[in-house]
Amino acid sequence: MSTSKGIQGDRGRSVGLTLALVSALAFGGSGVAAKPLITAGLDPLHVVWLRVAGAALVLLPVAWRHRQLLVRRPALLAGFGLFAVAGVQACYFAAISRIPVGVALLIEYLGPALVLIWIRFVQRRHVTRAAAVGVVLAVGGLACVVEVWAGLSFDAIGVLLGLGAAVCQAGYFILGDHGSDSGEQAPDPLGVIAYGMLIGALILTVIARPWEMDWSVLSGTADMDGTAVSGWLLLGWVVLIATVLAYGTGLLSVRRLSPQVAGVVAYLEAVVATVLAWFLLGEHLSAPQIIGGVVVLTGAFIAQSATPVKAAPEPVASGGPQDETALSASRAEA
């Protein structure tokens, strides 16, 4: 029996890691598709609005199918839409208007570290040394990937906005795991995402004011390293792949792994984004960026592969596979 449970646990973990990697790949491609649209004349916030509103439209049938979530989990849906969708996008794009993109990205990816702080000091659960070391390595490697030393200019408001994006990103992982210990009563991940997109789109409508957008950019073409690409094609990629697929697989990975593990694996998004930009936008990698990418991968691997030697008397937040019952019992997010 224990062997069977172990095999099922390994399979669930493998599926979870695969989903997390797919999510990182999908999220990582968002910038490559969005940047040509921004260069062609669209405001960054308008691109964000198109991304979220388009995903909300695609997921509208899913929202209708899971409409009971409005009654059962209204706080979760509101929180996910506010923090995991609208908050992280709006704060990040506002931050890059005041501080370098690389600095803003590094600050935003403090989110997984904030997840560990939440688990340690709010949930009062132990965090294994391997999980902490993995996060530290990933943050250090990410600093190399984005070359944080190139053009750092301190702007208090910009840094605060970046920290706001980090807090919202942490909320994505924490809220994504909310209710996963409820068995058949657990909120459906796709339903949560669908309503999160709808709520996020409403919030971003007020912020982005899409009625001022230059819609002609979408009907034309955008330059991708010398190649003319349809604006609608780029938008389709941003909506379907970088949003619907990315959020869906990401939330499913959180359910199968844990917020802290999925959060560290998410660091791969920065590596994926940089590599895709190299091949598709002609933005070449430097030696420090390549080294940083290796460090990010190493940190993510350490955090997700650490296995407790023996069961602890209370749930342990680690980067490794745990007994599913113990893990579920420890998941109690607000």
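Close-up 1. With a relative accessible area of 41%, Arg-209 is partly exposed (buried is under 20%, exposed over 50%, partly exposed in between, using a 1.4 Å probe and protein chains only). Arg-209 is not a glycine, yet its phi is positive, at about 50°. Look for it in the loop between helix 11 (189-208) and helix 12 (216-219); helices are DSSP runs of H or I with at least four residues, numbered from the N terminus.

A word on the model: it is predicted, with local features needing pLDDT of at least 70 and side-chain atom pairs 80 or more, while totals for chains, interfaces and linings use all residues. Residues are numbered from 1 along each chain as its sequence is written, and side-chain values use heavy atoms, leaving out hydrogens and water.

**Close-up 2. The kink in helix 6.** Helix 6 (residues 74-95) kinks by about 45°, centred on Gly-87; the bend is the angle between axes fitted to the seven residues ending there and the seven starting there. Because 16 of its 22 residues are buried, helix 6 is largely enclosed by the rest of the structure.

**Close-up 3. Tyr-172 and its ring partners.** Tyr-172 and Phe-173 pair edge-to-face, with centres 4.9 Å apart and planes at 70° (rings of Phe, Tyr and Trp, the last by its six-membered ring, pair within 6.5 Å between centres; planes under 30 degrees apart are stacked, over 60 edge-to-face, the rest tilted).

Conventions:
Helix = DSSP H or I, 4+ residues; strand = E, 2+ residues; numbered from the N terminus.
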